[in-house]
Amino acid sequence: MGIFRRNPFGHILFIKKFLIRIFAVLTHRRYRGFNDMQIEGSEIIKNLPDTNVLFISNHQTYFADVVAMFHVFNASLSGRQDSIKNVGYIWQPKMNIYYVAAKETMQAGLLPRILSYVGAITVERTWRSKGKDVIEKREVNPNDTENIKIALADGWVITFPQGTTKSFKPVRKGTAHIIKQHRPIVVPIVIDGFRRSFDKKGLRPKKKGILQSFIIKEPLVIDYDNETIEEIVEKVEYAIEQHSSFLKVIPAEVIEAQEALNTLRKWEY
């Protein structure tokens, strides 16, 4: 029956749609009102195919980053230009958006489990467990890579290649393997201000009046046949502005501009 249609992971679509609507309404003011999210490049979203698109992004909180992407993607598809004004865009959300998340994170409590139903592809991190790096890396679970393949075939996938919310950590080679093997359109996103806006989990607002930035870049040009894993990793690091070169000396005029921007991110009284 139509009402009980499911996606490839067995999730009932009308339940997923209901959850997306509820969470969107509850979180909208966190990005427009309580704080201000400035968006760039949303016209790129409207020109993407319906499937086999991989979004890569730096990571600042467990959940707020992904929620913001659901807002921006659906608003853009509804015709809004660099804006999430009027949350009515979420009434008919894009149902085939998925995001890669650590299994232990998505199993840590009732709310993460509910959020998982919205579109999480849970994976077992080979290099980290219970919030700590492991000395002996575990083998990659083949079911994890297969699920990402299924999600790309069905729609769009969001991934955070560094696998952590800490800045300038290395990009994991697993992302490059996915790109090389499945040949998706790779769209970089660079976010900022979320770490100051929310707690680490991204569930509780921390500060008011933070200027959040959300920049969508043009899809990467990748030679899937000839580029090596290392070359793709480096390209991803530059695209999401997490390459080590971004830590080098910054020109004085850039620092001044950053200080002016930080002034806007202070508490509003």
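Which residue forms a salt bridge with Asp192? The numbered points below take up this pair and other features of the structure, which is a predicted model.

1. Asp192 is paired with Arg196 in a salt bridge, and the closest N and O atoms lie 3.3 Å apart. Asp192 counts as partly exposed, because its relative accessibility is 24%. Arg196 is likewise assigned as partly exposed, its relative accessible area being 30%.

2. On overall content, the protein chain has 10 helices and 9 strands. Of its 269 residues, 47% are buried. Among contacts between residues at least 6 apart in sequence, 73% join residues at least 24 apart.

3. The search for salt bridges over the whole structure gives 7. One of them joins Asp50 to Lys94, with the closest N and O atoms 2.5 Å apart. This pair links distant parts of the chain, the two residues being 44 residues apart. Asp50 belongs to the loop between α2 (43–46) and β2, and Lys94 to the loop between α3 (64–77) and β3 (97–102). Asp50 is partly exposed at 49% relative accessibility, whereas Lys94 has a relative accessible area of 10% and is therefore buried.

4. A further salt bridge is formed by Lys235 and Glu227, whose closest N and O atoms are 2.8 Å apart. For Lys235 the relative accessible area is 26%, so this residue counts as partly exposed. Glu227, at 14%, is buried.

5. Helix α7 (residues 173–182) packs on helix α9 (residues 229–239) at an angle of about 110°, and their axes are 9 Å apart. The two helices are therefore roughly perpendicular. From α7, the residues in this contact are Lys173, Ala176, His177, Ile179 and Lys180; from α9, they are Ile229, Glu230, Ile232, Val233 and Val236. By class, the contact of α7 with α9 comprises 6 nonpolar, 1 polar and 3 charged residues.

6. Which residues of α9 are buried? They are Ile229, Ile232, Val233, Val236, Glu237 and Ala239. Viewed down the axis of α9, these buried residues fall within an arc of 165°, so they line one face of the helix. An α-helix has 3.6 residues a turn, so residues three or four places apart point the same way. The cover over the buried residues of α9 includes β2 (53–57), α7 and β8 (185–192). After α9 comes Glu241, which has a positive phi, near 60°.

7. On the α1 side, Ile20, Ala24, Thr27, His28 and Tyr31 take part, meeting Ala64, Val67, Ala68, Phe70 and His71 of α3. The residues of the contact of α1 with α3 divide into 7 nonpolar and 3 polar, with no charged residues.

8. Charged residues number 3 in the contact of α7 with α9, whereas the contact of α1 with α3 has none.

Terms used:
Residues numbered from 1 in each chain as written. Predicted model: local features only at pLDDT ≥ 70, side-chain atom pairs only at ≥ 80, totals over all residues. Heavy atoms only, no water. Axes fitted to C-alpha atoms, helices over the stretch in contact; angles between N-to-C directions. Helix = DSSP H or I, 4+ residues; strand = E, 2+ residues; numbered from the N terminus. Parallel < 35°, antiparallel > 145°, perpendicular 65-115°, else oblique. Contact = heavy atoms within 4.5 Å. Nonpolar A, V, L, I, M, F, W, Y, C, P; charged D, E, K, R; others polar. Buried < 20%, exposed > 50% of the residue type's maximum accessible area, 1.4 Å probe, protein only. Arc of directions from axis to C-beta. Salt bridge = Lys/Arg side-chain N within 4 Å of Asp/Glu carboxyl O.
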